[in-house]
Amino acid sequence: MIKEKNSMFVIGKSKSPRCFKGVKNVPCRYRAQLKSWMLAELFEERVKEIDLKFSFQKRKIALIVDNCSPHPNVQKLEWVELIFLPPNTTSITQPMDQSVIRSLKAKYRSLAVKKRID
């Protein structure tokens, strides 16, 4: 099994957040959306970026996705296969829904503030 990390995909409210002022390279993919929600268009954009990345590497991957409405079945993917979880099983099959996301966000904010202060 190959383990690797992709950059985080962050959705915020502001098109140009103050915290990014003067920052040349943001260490994540950032998109603005009025309510900071994932939209089908943003999901499709991100999945197609991942598909393009793996096309250069000539590697096929599977992404396990919950059946949330902003997660549509993206067409014309060659290197990424979307596997959708059964309905109403997200909290059981995805530990990320059990406070892990909140912990990740808190740690990320803490590190970002420390880095900015330095």
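Is Y30 buried or exposed, and what is its relative accessible area? Y30 is buried, with a relative accessible area of 17%; here, buried means under 20% relative accessible area, exposed means over 50%, and partly exposed covers the range in between, with a 1.4 Å probe and protein chains only. The structure described here is a predicted model, in which local features need pLDDT of at least 70 and side-chain atom pairs count only at pLDDT 80 or more, while totals for chains, interfaces and linings use all residues. Residues are numbered from 1 along each chain as its sequence is written, and side-chain values use heavy atoms, with hydrogens and water left out.

A word on confidence comes next. The predictor's confidence in each residue is given as pLDDT, on a scale from 0 to 100. The protein chain has an average pLDDT of 85, and 92% of the residues score at least 70. Helix α1 has the highest confidence, at a mean of 93, whereas helix α2 (residues 90–93) has the lowest, at 68. Helices (H or I, at least four residues) and strands (E, at least two) are DSSP runs, numbered from the N terminus. Where pLDDT is low, the predicted coordinates should not be read in detail.

The largest nonpolar core has 10 residues: F43, V47, I50, F54, V65, V74, L77, W79, V80 and L82. Such a core is a set of buried Ala, Val, Leu, Ile, Met, Phe, Trp, Tyr and Cys residues joined through side-chain atoms within 4.5 Å. One of the core residues, I50, is in contact (heavy atoms within 4.5 Å) with I61, L63 and V80, leaving aside its neighbours within four places in sequence. Another core member, W79, has the charged end of K60 over its ring, 5.9 Å from the ring centre. For a charge to count as sitting over a ring, NZ of Lys or CZ of Arg must be within 6 Å of the ring centre and within 35 degrees of the ring normal.

Within it, the side chains of R29 and E49 meet at 2.2 Å, N to O. This pair links distant parts of the chain, with R29 in strand β2 and E49 in helix α1, 20 residues apart. Both partners are partly exposed, R29 at 23% and E49 at 25%. A further bridge joins E45 and R31, at 2.7 Å from N to O. Because E45 lies in helix α1 and R31 in strand β2, this pair ties together parts that are 14 residues apart in sequence. E45 has a relative accessible area of 25% and is partly exposed, as is R31 at 27%.

E49 also forms a salt bridge with R46, the closest N and O atoms being 3.4 Å apart. These two residues both lie in helix α1, three residues apart, about one turn of the helix. R46 counts as buried, at 14% relative accessibility. Leaving aside neighbours within four places in sequence, R46 is in contact with N6, S7, F9 and R29.

The aromatic residues bring the account back to Y30. The count of aromatic pairs comes to one. F20 and Y30 form this pair, which is edge-to-face, at 5.2 Å centre to centre and 90° between the planes. Rings of Phe, Tyr and Trp (its six-membered ring) pair if their centres lie within 6.5 Å; planes under 30 degrees apart count as stacked, over 60 as edge-to-face and the rest as tilted. The pair links distant parts of the chain, 10 residues apart, with F20 in the loop between β1 (9–12) and β2 (29–32) and Y30 in strand β2. F20 is partly exposed, at 22% relative accessibility, whereas Y30 is buried.

S69 lies in the loop between β3 (61–65) and β4, and counts as exposed at 70% relative accessibility. The C-alpha atoms of S69 and A40 are separated by 7.5 Å, and the two residues are 29 residues apart along the chain.

Conventions
A salt bridge is a side-chain nitrogen of Lys or Arg within 4 Å of a carboxyl oxygen of Asp or Glu.
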